[in-house]
Amino acid sequence: MGIEKGRLEGIQEGKQCALESQRNAARKLIARTEMDDQMIAGIEELPVEEVE
């Protein structure tokens with residue numbers, strides 16, 4: 001039971017880390033390019049609302 005819980009927590013942490021990485025990449029694209037929010041959302045696989 002404890003091993004399974006630890007594994008699930010590790011998976012969740014990994015997903016959170018990947019999401020933060022996508023957000024950081026989107027911030028860089030916003031700052032350094034003239035791409036619109038929809039294009040950046042598509043590239044980073046984030047919701048358009050989050051990129052806005």
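Here is a walk through the structure above, from its overall outline down to a few single residues.

First, some ground rules: this is a predicted model, where local features need pLDDT of at least 70 and side-chain atom pairs count only at pLDDT 80 or more, while totals for chains, interfaces and linings use all residues. Residues are numbered from 1 along each chain as its sequence is written, and side-chain values use heavy atoms, with hydrogens and water left out.

Let's start with the outline. The protein has three helices and zero strands, so its elements read α-α-α from the N terminus on (helices are DSSP runs of H or I with at least four residues, strands are runs of E with at least two, and both are numbered from the N terminus). The C-alpha atoms fill a box of roughly 50 × 15 × 15 Å along the principal axes. The radius of gyration is 15 Å, whereas a compact globule of 52 residues would come in near 10 Å. That radius is taken over C-alpha atoms, and the globule rule is 2.2 Å times the number of residues to the power 0.38.

How much of the protein is buried? Buried residues make up 13% of the 52 residues. Here buried means under 20% relative accessible area, exposed means over 50%, and partly exposed is in between, using a 1.4 Å probe and protein chains only.

Now zoom in on helix H2, which covers residues 37-44. Its buried residues are Ile40, Ala41 and Glu44. Looking down the axis of H2, these fall within an arc of 100°, so they line one face of the helix (the arc is that of the directions from the helix axis to the C-beta atoms). What covers them includes helix H1 (2-32) and helix H3 (48-51), with contact meaning heavy atoms within 4.5 Å. On the face of H2 turned away from the buried side you'll find the exposed residues Gln38 and Gly42.

Met39 and Ala26 are 13 residues apart in sequence, and their C-alpha atoms are 10 Å apart in space.

Glu45 is not a glycine, yet has a positive phi of about 55°. Glu45 is also exposed, with a relative accessible area of 66%.
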